[in-house]
Amino acid sequence: MATTTKAAAVSHVGKVRSNNQDSGFAGRQLFVVADGMGGHAGGDVASAIAVTRIRDIDGTQFATAADAETALRTALMAANSVIAETVYEHPELTGMGTTVSAILRVGDTVALAHIGDSRIYLWRDDELIQVTSDHTFVQRLVDSGRITPEEALTHPRRSVLMRVLGDVDAHPEVDTRLLDTRPGDRWLLCSDGLSSYVSEELITRTLAAGLDTYETAEQLVRLSLDHGAPDNVTVVLVDMHDGGVAGSPTLTVGSASAPIAFDSESGRRPVRLPNLLLHPLRVTGVRQTQFEPESDEYLEALIAEDRRRALRRKITWSVGIVIIAIAILIAVIFGYQWTQSRYYVGVTDGTVAIYRGVQQGIGPIPLSSVHEITDVQLDDLGAFYQGQVERTINADSLREAEEIVERLRTDADE
Ligand code: CA
């Protein structure tokens, strides 16, 4: 049976960035997420160009899914050319690029095209499957077994993309594939503003919660906001139904939803003053996505850097542990020396004695020893002094201890 779709697209600038560099599109059969890069200028333009160009194929009738796959690939390559041409006309946008993750449904098949680190997930039978692979440096490290997926989440180079559409590469390598789909499937397309901050477990729970398409998409964006949303976040959710469900209206969100404007007079991008005033400091604090061509030399250099970092970490830890051990040793030595400057008067074998040290010990180790056994017998003392000596009498110095003994002797003689 032919499937129909119901889709929702939601995009949010997030809580830290000053502009939305993401774009999203939910059409009749085409669904796209694009995440632009290029600092203040460019990222929003690149993703808007990509989505605007690619959405042109929505509504086209394809004889086969393979035709759709070809059309999708062609659209991404065309978007790549438009971005390059735009940079040629506006050199201030040099270096701009964008990820693109898109699906195009033809009957019971989905053609998929992907470049960058936005993601496509399929939720089916209560299981979430990531059907795209990130074109990032850290993913390469994970694939080669050098780091774990958990380490990738916090790796300092996690923003390095190795493949994007943009003026950076005339022939970018786009992944495409065909997958079957059926009623009940939920396809989730999202920018890393969702996948980097909300766990897959939480995403799965949200998809399984029984909310409708729009509510679910909105809830996913809200989860990212709850986690601080340091980045723009865009979610396009596509629900597959069996026939008879009315489709949803076509919707473009993010930077592609506004006209792309250039300030051609000065040859510069218009500065978004209100945003800069609102977030004067935050703008620079955001982790900027970087592009590095997928070359073996660069990869080797990064891996070597990673090894050096691991070694530095190990050395820092070792030095730290040695410093702490030395500090503890010094404290113990000084502590012991202090105890040995103290004296007290007590009893040994029925005779009054002066002890050096303190009454307390460390576990089984005593911190005192008999310094001098006097000629005063405990039995010769009055009841009051006997009790005091049995409980021991502290002295700040040997001289004070001797004075105490002198008083006891006087008491014994009486
Ligand atoms: Ca992003």
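Start at L72: leaving aside neighbours within four places in sequence, L72 is in contact (heavy atoms within 4.5 Å) with L30, I54, I57, A102, L104, A111, L112 and A113. Keep in mind that this is a predicted model, where local features need pLDDT of at least 70 and side-chain atom pairs count only at pLDDT 80 or more, while totals for chains, interfaces and linings use all residues. Residues are numbered from 1 along each chain as its sequence is written, and side-chain values use heavy atoms, with hydrogens and water left out.

L72 belongs to the largest nonpolar core, which has 33 residues; I54, L72 and V100 touch the most other members. A nonpolar core here is a set of buried Ala, Val, Leu, Ile, Met, Phe, Trp, Tyr and Cys residues joined through side-chain atoms within 4.5 Å. Buried means under 20% relative accessible area, with a 1.4 Å probe and protein chains only. At least two residues of this core come from each of β3 (30–37), α1 (43–54), α2 (65–89), β5 (100–106) and β6 (109–115). Those labels are DSSP runs numbered from the N terminus: helices are H or I of at least four residues, strands E of at least two. The biggest giver is α2, with eight residues. Another core, of 21 residues, lies apart from this one and has C190, L194, L220 and L237 among its members.

L220 also leads you to helix α7, where the buried residues are T213, T216, A217, L220, V221, L223, S224 and L225. With 14 residues, α7 reaches 20 Å from first C-alpha to last, close to the 20 Å expected at 1.5 Å a residue (that is, 1.5 Å times one less than the number of residues). After α7 comes G228, with a positive phi near 95°.

Now for the metal. What holds the calcium ion on the protein side? The protein donors are D35 (OD), D192 (OD) and D231 (OD), at 2.2 to 2.4 Å. Donors are N, O and S atoms within 2.8 Å of the metal, or 3.2 Å for Na, K and Ca; water is not among the atoms, so sites may look incomplete. D192 sits in helix α5 (residues 192–195) and D231 in the loop between α7 (213–226) and β13 (233–242), so this pair ties together parts 39 residues apart in sequence. D192 counts as buried at 6% relative accessibility, and D231 is buried at 7%.

Notes: Buried means under 20% relative accessible area, exposed over 50%, partly exposed in between (1.4 Å probe, protein chains only).
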